[in-house]
Amino acid sequence: MTENRYDPNEIEPRWRQAWEEMDLYHADLEGAQRPCYALVMFAYPSGDRLHVGHWYHYGPADSWARYMRMRGYDVFEPFGFDAFGLPAENFAVRTGVHPRDSTEANVTNMIAQLKRMGAMWDWARTLDTSDPGYYRWTQWLFLKLYDAGLAYRKAAPVWWCPTDQTVLANEQVVGDNECERCGTPVVKRDLTQWFFKITDYADELLAGLEGLEWPERTKTLQRNWIGRSEGVEIDWRIPATDAVVRTFTTRPDTLYGVTFLALAPEHPLLDSIVTAERRETVESYRAHARRMSEIERASTEKEKTGVFTGASAIHPLTREPIPIWVADFVLGTYGTGAIQGVPAHDQRDWEFAKALGLPIVKVIEPDDPSAADAEMAYTGHGTVVDSGPYTGMRSERMLHDVIAELAHAGQGHKSVNYRLRDWLVSRQRYWGAPIPIVHCARCGEVPVPEEDLPVELPYDVDFSLGAGKSPLERSQSFIEVACPRCAEPARRDADTMDTFVDSSWYYFRYLSPQDTERPWNRALVDRWLPVFQYSGGIEHAVLHLLYSRFVTKAMRDLGHVGIDEPFQRLFHQGTITNAGAKMSKSRGNVISPDEYVAQYGADAFRAYLMFGFSWAEGGDWKDEGIRAISAWLQRVWRLVDRHRMLFADGRALHEGDPTAEAARDLLLVRHRSVKGATEDLAAWQFNTAIARIMELVNALYQYAPVEGEPAHDVHEPLLAECLETLIRLVGPIAPHLAEELWSMIGREPSVVDAGWPAFDPQVLATGEVTVAIQLNGKVRDEMRVPRDLPEDELKDRAARHGRIPELLDGRPIRKAIVVPNKLVSLVV
């Protein structure tokens, strides 16, 4: 028999065209019985080519969605573009190409490349946030928050370039706080800007994390970002003035150890309390601090600096004067913008006191004398010393007593403090959704009426720099408008919205992207949300993900949705490197997917990214890896092609002995592979899922060789069943190949609707053993595994089983001892 050749460059485009003609991936949102909303994070069309990172995120996510569809779920898998933002505007400044033109071209090119992946994306429901039909509803959302008192304006510091005379976004400040465009050192200036009151939802955002199936690391990042602290606010009065410095502390038991107060350089009291002889020094220090980012200022690695203001405050308990300093590590945007310095019991304060020669007064004696260290602060509890009437008391008890004393004196009260600050949504740039507010001399802030939305971006704008104005401010046709309320001449708000606003609600819009009457279809939102499975990079843990949660809760409270959370389950992908380094054009180590797809096919490229790496971790690219996976797909092809006649119409299958040892072995591998692939795909462990499928391929080659005759009587019904099972298992991994093989054996397309194969636990029970898992000598769990599993496989499964990953907590395994079929002992 002549063997057909597996040619992905012929097969893949043919099947993509067939799927498109069948409208195979257009979801029936209204008729769905088992909704499964499978969502990947927006793509940024800042470039016109897909890179490996795109493929590594989107390909495996689509494989999981295919697996779920084969499991009987009604899968909705949309795709869209976060098209606003700085890159397109910077490109316009450099080249003169309008952001709308460059963005549209990039989106068109990316869609063409994305379609080559063969994913199940429903292109009839795609989104582009720069489309007026989309940002009309982004503006609607802004107005709803504004009407509810959740959007407001206030002065806030921004980066300012003195040369270009313009405001810069954080992303435009590079190097040693220099302007990305001209290299000039930048400074901070105050500017009136728009904010969303996300702080109103701080407690609910914290509490809601408990019910989410998210990586614990991501939830921890959000908890830390919100930063809830219970403590006490203390008022420090300044003699001969009405001024009061307010601080917040979680450790009032250390109050007798305070030796200084420190204000942020931007603290509003600073100008009024600094003495004349210290003013010049303080102003010079403030100017220096304004050239630094908050991240730099707050860095634990940065040397502590500060200057004395010349002023003092009265200690609320001892009545002694406490010097007031200004220090750049204190941030005006965090807490009260002032701290009480307790060098003996706070490491940051200790470093500041050491650097500037300030007193260090110990007021807590540790229970264990060895815990005391002359070169660092002691931050634990213990016995109170040198603290007036509290001396000799346990510090835990003093906490409550000193709060009561401060409250009685009118100088303190219990308080809850948050690190979280309101979301600054103003951007002084062109390529974003315009803020739908008009400023009128008579009426003040006036919302644009909903019937007048969208407020569209003008196309004819000047992208040249200077004059301290954004392109929108320099566009008279845009900025000058009649007041919607009194019809007098007025001015539009010249700011555009942070692009995170665009992506904070898009999961609602995917369900009805062409609806011109409302932002989303409430009935479909109630049916499909929260998103069943969300995936994307962990870099969005505390921005996009937090903002989306806030918007969902705010829309719920305003009666527009009925859910509390947008994303029930979340997974993050790792990063693919090249020669051990992150890929970048400057390093010259970028892997172009197009070259490999042209040579090996999209299925091979996708399968390599799933098999060659642990998806959540990533790893280093290896050319030999994709060659190996391509060879394996060829092997799958040859196997089915060789035995395709088993499925010919009217052919009677040879009934060999199904109880023979070879048949029993194949049956066991078949059920074991299905079980392993089922569990691993569900957990996004694609590499081990493919390994399970490889076991079945090897067993099939052994049972019914492609070349030569088998060494035993072949039971053809079993062989046919296992081949059909193999094709179904390959369906999510290599969809084009699986579709071709499905057609080859005479089945109607599509394999994605053929159902997922089942496994029989009773068959597996005859070939499985229970293996105990020890961690540092103690049995922590046990697992059922196939008998005589290789040692490396046993170690790998043990490290991933049950609660073992949680107990490992990221610690490396130093040693693994295996007793075959009985025990795996891990040492960390």
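**Close-up views of a predicted model**

**Figure 1. V824 of β34 is the bridge partner of I773.** The model shown in this and the following views is predicted. Strand β34 spans residues 823-827 and is mostly covered, with four of its five residues buried. Strand β31, residues 768-775, pairs with β34 in the parallel sense, and four bridges join the two.

**Figure 2. Strands β33 and β34 form a hairpin with three residues between the strands.** Their pairing is antiparallel and runs over five bridges, with β33 covering residues 815-819.

Figure 3. Two or more lining residues come from each of the elements α7 (216-226), β27 (570-571), α26 (791-800) and α27 (804-808). Helix α26 makes the greatest contribution to the lining of this pocket, namely four residues. By residue class, the lining holds 14 nonpolar, nine polar and eleven charged residues.

**Figure 4. T103 is a buried residue of the predicted model.** Helix α4, which covers residues 99-115, contains T103. The relative accessible area of T103 is 2%, and T103 therefore counts as buried, the limit being under 20%. When residues up to four places away in sequence are left out, T103 touches P45, A83, A88, S130 and W431.

**Figure 5. The largest nonpolar core contains 100 residues.** The members that touch the most other members of this core are W64, F605, W621, W632, L700, L726 and L737. Helix α22, residues 686-703, gives the most to the core, with eleven residues.

**Figure 6. Surroundings of W64, a member of the largest nonpolar core.** Apart from residues up to four places away in sequence, W64 touches C36, A38, F532, Q533, R569, L681, A682, W684 and F686.

Note on methods. Residues are numbered from 1 along each chain as its sequence is written. This is a predicted model: local features need pLDDT of at least 70, side-chain atom pairs count only at pLDDT 80 or more; totals for chains, interfaces and linings use all residues. Side-chain values use heavy atoms; hydrogens and water are left out. Ala, Val, Leu, Ile, Met, Phe, Trp, Tyr, Cys and Pro count as nonpolar, Asp, Glu, Lys and Arg as charged, and the others, Gly among them, as polar. Buried means under 20% relative accessible area, exposed over 50%, partly exposed in between (1.4 Å probe, protein chains only). Contact means heavy atoms within 4.5 Å. A nonpolar core is a set of buried Ala, Val, Leu, Ile, Met, Phe, Trp, Tyr and Cys residues joined through side-chain atoms within 4.5 Å. Two strands pair if DSSP finds at least two bridges between them.
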